[in-house]
Amino acid sequence: MANTAEAFDLLRNCWQQTRNVELRRTLLLAIGMLRQDKAIDFLISLVAQGKDIDAKDAIAALAIYREDRELWQRVDRASEQRANQLGL
């Protein structure tokens, strides 16, 4: 059985290789459920710099952490960074 670091790499690689929107969304949720710093950082990077649909799906995947104020502040900052980059 793969450890969480290996699982993250496998899930991220699968996410990068598939174009199926529903599968990509599910993979991002699975990445979020790993509860691993590397996985959370990846999702937050998508919020800040990913394609619009990936950013939305990453936010949805991170919603399981809504009660974690510190983490959710990171999500808010990433969203603000994205808005600033887009000139919004």
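First, the ground rules. This is a predicted model, where local features need pLDDT of at least 70, side-chain atom pairs count only at pLDDT 80 or more, and totals for chains, interfaces and linings use all residues. Residues are numbered from 1 along each chain as its sequence is written, and side-chain values use heavy atoms, with hydrogens and water left out.

Helices here are DSSP runs of H or I, at least four residues, numbered from the N terminus. Two packed helices are described by the angle between their axes and the distance between the axes. The axes are lines fitted to C-alpha atoms over the stretch in contact, and angles run from 0 to 180 degrees between N-to-C directions.

Start with α4, residues 52-62, and α5, residues 69-86: their axes come within 11 Å and cross at roughly 170°. α4 and α5 are therefore roughly antiparallel, the word for angles over 145 degrees. Contact means heavy atoms within 4.5 Å. On the α4 side, Asp 52, Ala 55, Ile 59 and Leu 62 meet Leu 71, Trp 72, Val 75, Ser 79 and Arg 82 of α5.

Now α2 against α4. Here the axes come within 8 Å and cross at roughly 40°. From α2, Val 21, Arg 24, Arg 25, Leu 28 and Leu 29 meet Ile 53, Asp 54, Asp 57, Ala 58 and Ala 61 in α4.

Next, the core. A nonpolar core is a set of buried Ala, Val, Leu, Ile, Met, Phe, Trp, Tyr and Cys residues joined through side-chain atoms within 4.5 Å, and buried means under 20% relative accessible area. In the largest one, with 24 residues, those touching the most other members are Leu 28, Ile 31, Phe 42, Leu 43 and Leu 62. Two or more residues come from each of α1, α2, α3, α4 and α5, and α3 gives the most, with 8. Leaving out residues up to four places away in sequence, Leu 28 touches Trp 15, Phe 42, Leu 43, Leu 46, Asp 54, Asp 57, Ala 58 and Ala 61.

Last, two positions. Asp 9, in helix α1, is partly exposed at 26%, a class that runs between 20% and 50%.

Conventions: Parallel < 35°, antiparallel > 145°, perpendicular 65-115°, else oblique. Buried < 20%, exposed > 50% of the residue type's maximum accessible area, 1.4 Å probe, protein only.
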